[in-house]
Amino acid sequence: MSNSKRAAQSRAEILDAAWDLIAARGAEVSLSEIAAAVGMTRQSIYVHFGSRGGLLVALVRRSDEREDIFAKFDRALALADPAERLDRYLKAWLVFVPKIYPVASDLIRLRATDEDAAAAWEDRMQDLWGCFRELAASLAKEGALAKGWTVPRAADHLWAACSVQAWGLLVKERGWSPAAASKTIRANAARVLLA
């Protein structure tokens with residue numbers, strides 16, 4: 001195996017172990033604990049990621065890659081019917097949320113006091129807002145946005161209404177099923193945003 005393949009495999013093992021530990025115990029898990037879980041030294045983690053912050057950013061980006069969320073967004077954007085496009089886009093996101101919830105909710109919890117957690121969360125939220133902006137722009141281009149909505153405001157609305165936090169309130173706090181939460185969030189977005 002080449003050195004680059006070995007390094008990529010090591011990175012993947014580290015990220016998978018980190019995901020499992022953080023999902024089970026929280027983002028305060030130390031780099032030493034992650035290194036021990038994969039039989040490496042703490043220094044090896046630094047070699048691969050540079051810092052705890054670098055590890056957390058790589059960790060949340062890897063979840064996007066594993067679930068291929070951006071390809072799912074692209075397939076939804078290709079749909080001709082604006083209502084179907086909006087629904088399929090949001091459905092892809094809301095199927096993804098339960099998969100990332102254990103780690104995402106902990107990053108949210110820690111972001112006020114932990115720079116690394118805040119940086120990882122901000123990195124993903126900027127990308128997500130950009131995706132919602134792209135969706136809103138596609139709707140506006142076809143005249144499918146309801147009167148009074150601008151592209152940035154529609155992106156803001158989708159970003160907040162479909163957030164991990166909103167999903168968590170419905171499913172984790174109020175006991176809704178993930179399917180019911182998804183259906184309601186999607187229906188509300190269509191009702192509010194579509195002409």
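**Helix packing and selected residue contacts**

Aspartate 123 is located in helix α7, which spans residues 115-141. In this predicted model, and with residues up to four places away in sequence left aside, aspartate 123 touches Val57 and Arg61.

In the pair formed by helix α1 (residues 3-25) and helix α6 (residues 82-110), the axes are 7 Å apart and the packing angle is about 75°. Because angles of 65 to 115 degrees count as roughly perpendicular, α1 is accordingly described as roughly perpendicular to α6. On the α1 side the contact is made by Trp19, Ile22 and Ala23, which meet Lys99, Ile100, Pro102 and Val103 of α6. When the residues of this contact between α1 and α6 are divided by class, 6 are nonpolar and 1 is charged, with no polar residue present.

Helix α1 also contains arginine 25, a residue that is partly exposed, its relative accessible area being 48%. This value falls in the partly exposed class because residues count as exposed over 50% and as buried under 20%. Between arginine 25 and aspartate 87 there are 62 residues of separation in sequence, and the distance from C-alpha to C-alpha is 34 Å.

The other pair consists of helix α8 (residues 151-161) and helix α10 (residues 178-193), whose axes come within 11 Å and cross at roughly 160°. Since angles over 145 degrees count as roughly antiparallel, α8 is placed roughly antiparallel to α10, and the crossing in which α8 passes α10 is right-handed. The residues that meet in this contact are Ala154, His157, Leu158 and Ala161 from α8, together with Ile185, Ala189, Val192 and Leu193 from α10. By class, the contact of α8 with α10 comprises 7 nonpolar residues and 1 polar residue, while charged residues are absent from it.

Conventions. Residues are numbered from 1 along each chain as its sequence is written. This is a predicted model: local features need pLDDT of at least 70, side-chain atom pairs count only at pLDDT 80 or more; totals for chains, interfaces and linings use all residues. Side-chain values use heavy atoms; hydrogens and water are left out. Axes are lines fitted to C-alpha atoms, for helices over the stretch in contact, and angles run from 0 to 180 degrees between N-to-C directions. Helices (H or I, at least four residues) and strands (E, at least two) are DSSP runs, numbered from the N terminus. Angles under 35 degrees count as roughly parallel, over 145 as roughly antiparallel, 65 to 115 as roughly perpendicular and the rest as oblique. Contact means heavy atoms within 4.5 Å. Ala, Val, Leu, Ile, Met, Phe, Trp, Tyr, Cys and Pro count as nonpolar, Asp, Glu, Lys and Arg as charged, and the others, Gly among them, as polar. A crossing is left-handed if the near helix is turned anticlockwise from the far one by less than a right angle, and right-handed if clockwise. Buried means under 20% relative accessible area, exposed over 50%, partly exposed in between (1.4 Å probe, protein chains only).
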